[in-house]
Amino acid sequence: MSVQVSFEEFKNSAGRELQPSDWLEITQQRVNQFADATLDHQFIHIDPERAAATPFGGTIAHGFLTLSLMVYLNEQHSLLPDGLKMLINYGSDKVRFLAPVRVGSRVRSAQKILEVTHRGGPNWLLRLEVKIEIEGAAKPAVLAEVLMLYVVE
């Protein structure tokens, strides 16, 4: 659940680590649906038999599927300042895919607010470090700097 905070607390939240999201299982059905939506049907994502013979030992999620799940995972514990009118995905400054996400594994996001910048008028830009962690794995699947534009009254 997102965290409601005062506008002052929001403006001064740089350095704050947010609670990790719940774990989410990566199913073959979700991977197949993403393959269909993006027309990326590489066998390492959709063919369990062929993928079993690779170093991955089975099918893996698309890196961009894992990245796209960041929106759902992050919103579970994002900061919502008083007076928030709108929250917009503004982009990413850095995205790295560090470890494969095997089908059947579970992922979650861990967020740290790096910077809060006033962009004029009602606009505030948050720069977040986001890790998509794989349950039981030493390395995260994704490490990214994500930008979120908050429009606050």
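Student: How many strands form the open sheet, and in what order?

Tutor: In this predicted model, 5 strands form an open sheet in the order β2-β5-β6-β7-β4, with antiparallel pairing.

Student: Which strands are at the edges?

Tutor: β2 and β4 are the edge strands, and each of them pairs on one side only.

Student: How many bridges join β2 to β5?

Tutor: The antiparallel strands β2 and β5 are joined by 2 bridges. L24 has V107 in β5 as its bridge partner.

Student: Turning to helix α5, where is its kink centred?

Tutor: Helix α5, residues 63-75, has a kink of about 30° centred on L69. L69 is also one of the buried residues of α5, and the others are L65, T66, L67, M70, L73 and N74.

Student: What do those buried residues pack against?

Tutor: The buried residues of α5 pack against α2 (28-38) and against the strands β2 (24-25), β4 (84-97), β5 (106-118), β6 (123-134) and β7 (142-152).

Student: Now the aromatics. How many aromatic pairs does the structure hold?

Tutor: There are 4 aromatic pairs in the structure. Among them is the pair of F10 and Y150, which is tilted, at 4.8 Å centre to centre with 45° between the planes. This pair links distant parts of the chain, with F10 in helix α1 (residues 7-11) and Y150 in strand β7, 140 residues apart.

Student: Are F10 and Y150 buried or exposed?

Tutor: F10 is buried, with a relative accessible area of 0%. Y150 is buried as well, at 3%.

Student: And why is the pair of F64 and F97 edge-to-face?

Tutor: Its ring planes stand at 75°, and the cut-off for edge-to-face is over 60 degrees. The ring centres of F64 and F97 are 5.4 Å apart. F64 belongs to helix α5 and F97 to strand β4, so the pair ties together parts 33 residues apart in sequence. F64 is exposed, with a relative accessible area of 55%, whereas F97 is partly exposed at 40%.

Student: Which residues form the aromatic cluster?

Tutor: F7, F10, W124 and Y150 form one aromatic cluster.

Student: What lies over the face of F43?

Tutor: R50 does, at 4.0 Å from the ring centre.

Student: Where does G83 lie, and what does it touch?

Tutor: G83 lies in the loop between β3 (79-81) and β4. Leaving aside residues up to four places away in sequence, G83 touches V151, V152 and E153. The C-alpha atoms of G83 and F7 are separated by 7.5 Å, although these residues are 76 residues apart along the chain. G83 is partly exposed, with a relative accessible area of 30%.

Student: Last topic: how many salt bridges does a search of the whole structure find?

Tutor: The search finds 8 salt bridges. One of them joins the side chains of E9 and R16, at 2.7 Å from N to O. E9 is partly exposed at 36% relative accessibility, and R16 is partly exposed at 27%.

Student: Which residues form salt bridges with E145?

Tutor: The side chains of E145 and K94 meet in a salt bridge at 4.0 Å, N to O. E145 lies in strand β7 and K94 in strand β4, so the pair ties together parts 51 residues apart in sequence. E145 also forms a salt bridge with R127, with the closest N and O atoms 3.5 Å apart. Here E145 in strand β7 is linked to R127 in strand β6, 18 residues apart.

Student: Which residues make up the network?

Tutor: Salt bridges that share partners join D93, K94, E115, R127 and E145 into one network.

Terms used
Residues numbered from 1 in each chain as written. Predicted model: local features only at pLDDT ≥ 70, side-chain atom pairs only at ≥ 80, totals over all residues. Heavy atoms only, no water. Bend = angle between axes of the 7 residues up to and from the residue. Helix = DSSP H or I, 4+ residues; strand = E, 2+ residues; numbered from the N terminus. Buried < 20%, exposed > 50% of the residue type's maximum accessible area, 1.4 Å probe, protein only. Contact = heavy atoms within 4.5 Å. Phe/Tyr/Trp six-rings, centres within 6.5 Å; stacked < 30°, edge-to-face > 60°. Lys NZ or Arg CZ within 6 Å of the ring centre and 35° of its normal. Pairing = 2+ DSSP bridges.
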